[in-house]
Amino acid sequence: MSRVRVLVGTRKGAFVVTSDEGRRRWDVDGPHFGGWEMYHLKGSPADPDRLYASQSTGWFGQLIQRSSDGGRTWEAVGNKFAYEGEPGTHLWYDGTPRPWEFKRVWHLEPSLTDPDTVFAGVEDAALFRSTDGGQTWQELSGLRRHESGRYWQPGAGGMCLHTILLDPSHPERIFIAISAAGVFRSDDGGQTWRPMNRGLKSPYELPDPDAAVGHCVHRIAMHRSRPDVLFMQKHWDVMRSDDAAESWQEVSGNLPTDFGFPIDVHAQEPETIYVVPIKSDSEHYPPDGQLRVYRSRTGGHEWEPLTKGLPQRHCYVNVLRDAMAVDALDPCGVYFGTTGGQLYVSADAGDSWAPIVEHLPAVVSVEVQTLP
């Protein structure tokens, strides 16, 4: 019988939540690192018991934690994230130059094949890699040194590299997303990069309709069986690419609002995608106070609200960019956490929802592992 392990990062600690394949009864373990902001936890596809976690506070800075037993015990590993060479500058909110300054790790992405190799996306935006289980970190500086880097600016949450996708069919191909710069792709293991933002429109932030960088991408997602097809939740607009991010088209369709943060793909149905619309970039809560996940079974354009089991009155929570995940069971399980501390699961691909736990600290990230 299969099991699932849900890794939850919150503003005040990490939680490891487990169940069998029925996904009805849950064991909640935590908080680990109580009182610390846990920006992201993720397990290695090559060794499911190898977990990595990004732990941070404004008082004590950044720590990377590693577990080799599925989250029962943890050890602090390497925490030195040094930009290569002279960092140079990027633009600030007001258009003035600011030096690159490391603040925190937003996202950890373990290698698909090696449990000791893991990538880290950081603020200020840069990509690091460790090949010794997180003990030491080296910047893949070709990204930050791209000729467009001096024009990158922070999004509202900072200038963060928040998404890393590894292509299972092209071992040297990496996609990343930066707020606010856009999507970039490397085809040589992170040595060189190209901006991949053709088709994105940001008329309020970027008057140039053909701007190559500067787009506030919130999240990108792919299905392992079709890594050339990518889906994006942008600051405004839900987007799709069918050519490995060479070009993008809008698929917001009949969504009540096309602003949101997370986006994810059904485990068995690569044309089924999920988003959580919120009212606007200034009102980060669901339209009409109704918490609704929207599902498209056609890869975009046509969307249906999923409401069964979710609060439909007086609900003013948000779902952050890393706070949605899907498992690999059939039927597919979908999970998301809210800034109100609720962790929800749907064991039937979104048709109905139930809370796993309702009184956590604000949820920052959710990842799920499907275990034998």
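Is F261 buried or exposed in this predicted model? With a relative accessible area of 10%, F261 is buried, a term that stands for under 20% relative accessible area, with exposed meaning over 50% and partly exposed in between (1.4 Å probe, protein chains only). The model is predicted, so local features need pLDDT of at least 70 and side-chain atom pairs count only at pLDDT 80 or more, while totals for chains, interfaces and linings use all residues. Residues are numbered from 1 along each chain as its sequence is written, and side-chain values use heavy atoms, with hydrogens and water left out.

**View 1. The aromatic pair of W236 and F259.** The structure holds 16 aromatic pairs, where rings of Phe, Tyr and Trp (its six-membered ring) pair if their centres lie within 6.5 Å, and planes under 30 degrees apart count as stacked, over 60 as edge-to-face and the rest as tilted. The ring centres of W236 and F259 are 5.1 Å apart and their planes stand at 65 degrees, so this pair is edge-to-face. W236 counts as partly exposed at 24% relative accessibility, whereas F259 counts as buried at 1%.

**View 2. F259 with F261.** These two residues also form an edge-to-face aromatic pair, with 5.6 Å from centre to centre and 85 degrees between the planes.

**View 3. An aromatic cluster.** One cluster is formed by F81, Y83, F102, F128 and W137.

**View 4. R98 over W92.** The charged end of R98 sits over the ring of W92, 4.3 Å from its centre, the criterion being NZ of Lys or CZ of Arg within 6 Å of the ring centre and within 35 degrees of the ring normal.
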